[in-house]
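Hello,

Here is the structure I promised to pass on. Please open it first, then read my notes below.

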Amino acid sequence: MRNRHRKAGDELRVSVTRSDAAAADEFTVPRIRPMMVLDALLAIQRTHDPAIGFRYSCRVGMCGTCTVRVDGRSVLACQTEIPERAEHIRIDPLAGLPVVRDLVVDTAPFWQAWKSITPYLVPDEDAAGMDATPAVIKPDSAERERIDPSLDCIGCAACFSSCGIASARRDFIGPAALNRAMVLVADSRDTAAAHRLDVVATDSGVDRCHYIYGCSAACPKGLDPAQAIRRLRKWRFDESR
Ligand code: FES
């Protein structure tokens, strides 16, 4: 474990977007090293303003609840280290989602888009009898190679916030839901691929993407939603996967 040390007089200034225009929005907190963005928010809550609104749960990059924008980049607060030389950072709520309070956003539009692509495996009911052997995708198959690198989405909405189309609320399903759609369409055990391909071919689907790659750059799990969108565009017309 690294040593969380602090030099005498070492401080960090943090600007935070607040919902209440009368609330303090600039704070000075003691610097520790390493210091995550979430450490700075907790220090503000502890020593300056217990009412400041932000969200977190697991603190290990798994739950996806702590996403904020730091100096314009959408990141997980619990996993993003404040640069060694930084004297000031700015923290804003995610873009494209309604603000509930301070840094807390309402993620309902993100999850509505997720729901629209039927985000779960739809098995073949006829083939799934009690005695049926569970269908598996072989570990060394091309299908597995396509699916595995796209599986670890934690629903943090960093991609959604980083996408110029989704974050501007321009009626776009968005990168996370399209990535999930690609995973399921690629899965030979699923029977709802045709329905999903219809959904992603609508005006809210893959053709809204301008391939700026902000989604892929922002994903804290290293997923590549832009590549997933490219595949879905192809698979609309070509059933060979
Ligand atoms: S607190 Fe769970 S991902 Fe950051």
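Two strands count as paired if DSSP finds at least two bridges between them. Strands (E, at least two residues) and helices (H or I, at least four) are DSSP runs, numbered from the N terminus. Residues are numbered from 1 along each chain as its sequence is written. Please note that this is a predicted model: local features need pLDDT of at least 70, side-chain atom pairs count only at pLDDT 80 or more, and totals for chains, interfaces and linings use all residues.

**The sheet**

β1 and β5 run parallel, joined by 4 bridges. V14 stands opposite I89 in β5. Both strands belong to an open sheet of 5 strands with mixed pairing. Its order is β2-β1-β5-β3-β4. From one strand to the next, the twist averages 35°. Angles here run from 0 to 180 degrees between N-to-C directions; axes are lines fitted to C-alpha atoms, for helices over the stretch in contact.

**Helix α1**

α1 packs on this sheet and touches β1, β2, β3, β4 and β5. Contact means that the C-beta atoms of two residues, placed from the backbone, lie within 7 Å. The direction of α1 makes about 105° with that of β2. α1 spans residues 37–47, and V37, D39, A40, L41 and I44 are buried there. A residue is buried if 20 or more other C-beta atoms lie within 10 Å of its own, exposed if 12 or fewer, and partly exposed in between.

**Helix α8**

α8 covers residues 225–235. Its buried residues are P225, A226, A228, I229, R231, L232 and W235. What covers them includes α4 (158–162), α5 (175–185), α6 (193–200) and α7 (214–218).

**The two domains**

The chain divides into domain 1 (11–100) and domain 2 (108–235). These bounds come from an automatic or database domain assignment. The C-alpha centres of the two domains lie 30 Å apart. 15 residues of domain 1 are in contact with 16 residues of domain 2. On the domain 1 side, β3 and β4 each supply at least two residues. β4 gives the largest share, 4 residues. That side divides into 7 nonpolar, 6 polar and 2 charged residues. Here Ala, Val, Leu, Ile, Met, Phe, Trp, Tyr, Cys and Pro count as nonpolar, Asp, Glu, Lys and Arg as charged, and the others, Gly among them, as polar.

Best wishes
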